[in-house]
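Here is the note you asked for on the model, arranged as numbered points so that each can be checked against the coordinates in turn.

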Amino acid sequence: MVKPTEAQHKWTMVVDLDKCTGCHACVVACHAENNVPIRNKSEVQANRAQHWIRIERYWTGDPPAIARFLPMLCQHCNRAPCEPVCPVYASVHSQRENLNLQVYNRCVGTRYCNNNCPYVVRYFNFYDPYFPAPLTEQLNPDVTVRTAGIMEKCTFCVQRINRAEQRALVEGRDLAPDEVQPACVQTCPPSALLFGDLFNPESRVAKALAGNQRSLRVLEELGTEPAIYYLKGGKSYVRF
Amino acid sequence: MGRRIGRRDLLKIGAASAVAAALGGCEFPRPWVTLEPHVRPPEEQTAGVATWYASTCRQCPAGCGIIVRTLNGRAVKIEGNPQHPLNEGKLCPRGQAGLQELYNPDRLQAPVRQAVRGSRQYTAITWDDAVAALRSGLAAAGPRTAVWADFAVSGHLLDLFSRLSAALGAPPPLVFDLYTALSGYAALTAADQALFGRAALPTYGVEEADVVLSFAADFLGTWLSTTHYGVAFGSFRQRPLAERGYLAQFEPRSNLAGAKADLWLRLQPGTEALVAQAIARLIADGGAGPADRVARAQLWAPNVDPAAVAVQSGVPLEDLRRLAGTFVTAARPLALPGGAVTGHGNAVEQVAAVQVLNIIAGVTGFGLSPAPPLADLVQPMAAPYGEVLRLVERMRAGDVGALLVWGTANPVYALPPSLSFVDALQQVPLVVSFRPIVDETAVWADLLLPDRTYLESWGYQVVAPSFGEPLVNSQQPVVQPLYDTRATGDLLLEAAQGISAAAAALPCANELAVLRERIAALPPGTFGGVGADVQWARFLQHGFWQSAAGPAALTPPAAGLQPVLVPAPSFQGDAGEFPFFLYIYMPVLLSDGRGADKPWLVGSPDPMTTIMWQTCAEIETNTAIKLGVTYGDIVRITSPYGEVEAPVYVLNSLRPDTIAIPTGLGHSALGRFASREAEGPNPMVLIGPQADASGTSLAWANVRVRVTRTGRSVALAKFENTRGSYGGFINQSFPDQYL
């Protein structure tokens, strides 16, 4: 019997806050890849906006203040607080992918997981998705469209991971380092987002984190062991 | 890989544990079981093999390479073309959202005629009728024909429009849209003509720079090439074995670049060029730094008093002095003239004032976009705003018999209403719109002949600005056309056949023949290939043509030019009656309004305000307290030229004496998302119709406004109401551990 730590891959993301420009390319790419519905104005006014990855905008200093951007998405915790509270095992730690996944057809919408997630990255479908034709044509056939009453969240683009694994299997080889890129990482212009297998020392995330003094994890003190590492903003050398 | 445990295994385990319990005391062989999804979610099922097509993004004028994933004849995802030198596989949010231009539910599905302009009562016509109507209209107008296109027009189509106009004896097509106007394309080109003797857009090697002074250039959001500069910014910030680049942003309101800057200086609107000149003067007088730079500064810096500039701009003299020192001692410094620099005064002189800093630096990171690899390859050039004024004057005088409007130009929305463009349109006997969706200009058209969207059509684009090497992008259909639309190129060729003057100038059978003829003439590129067919196939396959010669050096020759002292900014409107400066900017998602019909863009939060589906009048925190307004209160913003009503957004990163309003919304057409679901002011209503002193730019950054309360308010659709990861709302201070 394998233990969870004996999984083949440790999918990990690195977010370089020094590079993130807050441009929202990742947000739109995620909507496109994962069929995440756009909520209309009244739904947003009810605080029911839905983005699997969001750019949190904070301020530093008194006015005039400087905006700071923090991309926030499911942290894919090793010890995920959302998992033990689900009465129907819809929020599970998938053994095979070593990811925290949501099984939509199990979910009964108790929203306990949402309540228990310290990162507030689980989104409940308060409404059915609305894609007036022919916007239905844009939907990614690899990903389910979730109905009202279902909890959903970032999957690290598990459909891309599976496709890449199947391709590697067919070609009789191991996954190449950085072969899998989620939609957000793929599009990020300044490469503020990196994704890869932390178990593979050749991957970009392993290289980015090796000896990096800037790395930290959000709310690490809660013991959730997130799979997303943030590299904090660098100080400029001021040659004044 | 762990062994899967199926249902049968679980039953066995259950049986075994029952036995174990019966035996008592025996150790259970497995301390825990694996729980797996009972039903495999569809993420693990792959539906067929995708086909990827390379093409060109048309969501802004930059020309990033894209690859489009298609499955079963549907385009399902746009990604950056990893081979393309401009964007290196990356894409900005607007590029990602291109699918919603293709699949917009409110597209015009067939040619229609509108009997009464503005009535929005359309009668379907056949394409034969459409061609006949276009032909007779063109024949009647003859030399009084005018063509208006946006900057993202395909080269071959602009070529056909130009040939048609020339054959009819009409002036060449006018290329003008709000995106290039607010980015200052025409003034940048004119300033490079004046400084370096060549009319081309400037290029800046941000990725190599170590110090960047940005004068209101939103190069991470909507300036010349968002994605290219985004990629460059990544290297600028963190590069192995090199110093972290230093960015200083001069801007009244912090945009994305201001938020990422090491030093954001809230200078008074309109004083950007003055500050640049003061820095040049301080370099010349300071004497520190390399001798050649100081010598060039002494040659080029105008005689400006830095202390006076410090008072005018609100930037402390000490900061100016330190920045001058930082700039002159840096290895590869750069100065970027942003769009706001071109919106007042003499735009060409203002841009030149900033470009002089690059001349003083004398580094290789700065240059001019290369010329097209072939003279026959048509490259759009942003028309000076003075030409727009002349065309509108001709329309008003009845000198325009037919106006053809192509693409996202949308002059009725983009031009300030104080210009009375709609009145001028009434004097034109025939107005034709080719836009695939009914926009504000199409509402005033007689014939609506929808072209295909860029994901359904052919084309090429000479990339501008291109960074070091000429690039020619290919644009090809990635899906079958959705509707009964027709390529405007084919339409022109067909219509021209019946006009004696034009038939000889447009002898081709179809637009694809025109396109292939042009591409076949290109010299061999990096992708090689023998024979026209193979070269054409490689052109489509890779999505672009690149010179096999490789990139050229960027350094432009500095031609002689006397430095001109830029005057202090003057504003429309009395400071007593209109106490606030108006600062208009293009937001990263909506840009100049072409994002407003795409739910992915208009329904995603703006980075700075986190607002979706709305745009606001942004007021600084302390000013809002003084005015007695807060989030969602509707205020009336009045300028000497017009007024708008808008909800207030209280913004921390803004000057207290400035009201900022983004472009993009305020649509009365452009489909349900833009006109019905989204709401916000169109700030162009507040702008005067004048050109700047050089005649190249719309003077859009020189207006004062006043703010009055209406007593009403709306709920803002803002994302920051959502609880963030640190307990409270997202709108709070940044956790210290990230700084």
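1. Where in chain A is the place of A:Pro134? In this predicted model, A:Pro134 sits in the loop between β6 (123-124) and β7 (151-152) of chain A. The peptide bond that joins A:Ala133 to A:Pro134 is cis, with omega at about 0°.

2. A:Asp178, although not a glycine, has a phi of about 65°, and its position is in the loop between α4 and α5 of chain A. Because A:Asp178 has 17 C-beta neighbours inside 10 Å, it counts as partly exposed. In chain B, phi of B:Leu670 is near 80°, again a positive value in a residue other than glycine, and B:Leu670 is placed in the loop between β24 (658-662) and α24 (671-677) of chain B. With 26 C-beta neighbours inside 10 Å, B:Leu670 counts as buried; the threshold that matters for this assignment is 20 or more.

3. On the overall form of chain A, its secondary structure consists of 6 helices and 10 strands, and its C-alpha atoms fill a box of roughly 60 × 50 × 35 Å along the principal axes. The radius of gyration of chain A is 18 Å, which agrees with the value near 18 Å that a compact globule of 240 residues would have. Of those 240 residues, 53% count as buried, and among the contacts between residues at least 6 apart in sequence, 61% join residues at least 24 apart.

4. For chain B the corresponding description is 24 helices and 25 strands, with 60% of the 739 residues counted as buried. Of the contacts in chain B with a separation of 6 or more, 74% are accounted for by residues 24 or more positions apart.

5. Which elements of chain A give two or more residues to the side that touches chain B? The contact as a whole involves 84 residues of chain A and 87 residues of chain B, and the elements in question are α1 (25-34), α2 (41-45), β2 (54-60), β3 (66-72), α4 (158-170) and α5 (183-187) of chain A. By class, this side of chain A has 45 nonpolar, 24 polar and 15 charged residues.

6. Strand β1 (residues 11-16) of chain A runs parallel to β10(A) and is joined to it by 4 bridges, with A:Met13 standing opposite A:Ile228. Strand β9 (residues 215-216) of chain A pairs with β10(A) in the antiparallel sense over 2 bridges, and here A:Leu216 has A:Tyr230 as its bridge partner.

7. A strand of chain B with both faces covered is β6 (residues 145-149), in which 5 of the 5 residues are buried: B:Thr145, B:Val147 and B:Ala149 lie on one side, and B:Ala146 and B:Trp148 on the other. β6(B) is joined by 5 bridges to the parallel strand β14 (residues 402-406) of chain B, where B:Leu403 is the bridge partner of B:Ala146. A further 2 bridges join β6(B) to β7 (residues 174-175) of chain B, also in parallel, and B:Ala149 is partnered there by B:Val175. Between β6(B) and β7(B) the chain passes through helix α5 (residues 155-168) of chain B, in a β-α-β crossover that is right-handed.

8. Helix α18 (residues 488-496) of chain B is mostly covered, with 9 of its 9 residues buried, among them B:Asp490 and B:Glu494. The cover over these buried residues includes α4 (127-141), α5, β14, α19 (500-503) and α20 (511-520) of chain B.

9. Lastly, chain B contains an open sheet of 3 strands in the order β17-β18-β19, with antiparallel pairing. Its edges are β17 (459-462) and β19 (544-546) of chain B, each of which has a single partner strand, so one side of each is left without a neighbour in the sheet. From one strand to the next the twist averages 20°. Strand β18 (residues 471-475) of chain B is joined to the antiparallel β19(B) by 3 bridges, and B:Asn473 has B:Phe544 as its bridge partner in β19(B).

Methods:
Residues numbered from 1 in each chain as written. Chains lettered and ligands numbered in written order. Predicted model: local features only at pLDDT ≥ 70, side-chain atom pairs only at ≥ 80, totals over all residues. Contact = placed C-beta atoms within 7 Å. Nonpolar A, V, L, I, M, F, W, Y, C, P; charged D, E, K, R; others polar. Rg over C-alpha atoms; globule rule 2.2 N^0.38 Å. Buried ≥ 20, exposed ≤ 12 C-beta atoms within 10 Å, placed from the backbone. Pairing = 2+ DSSP bridges. Axes fitted to C-alpha atoms, helices over the stretch in contact; angles between N-to-C directions. Right-handed = clockwise from strand over helix to strand, strands pointing away.
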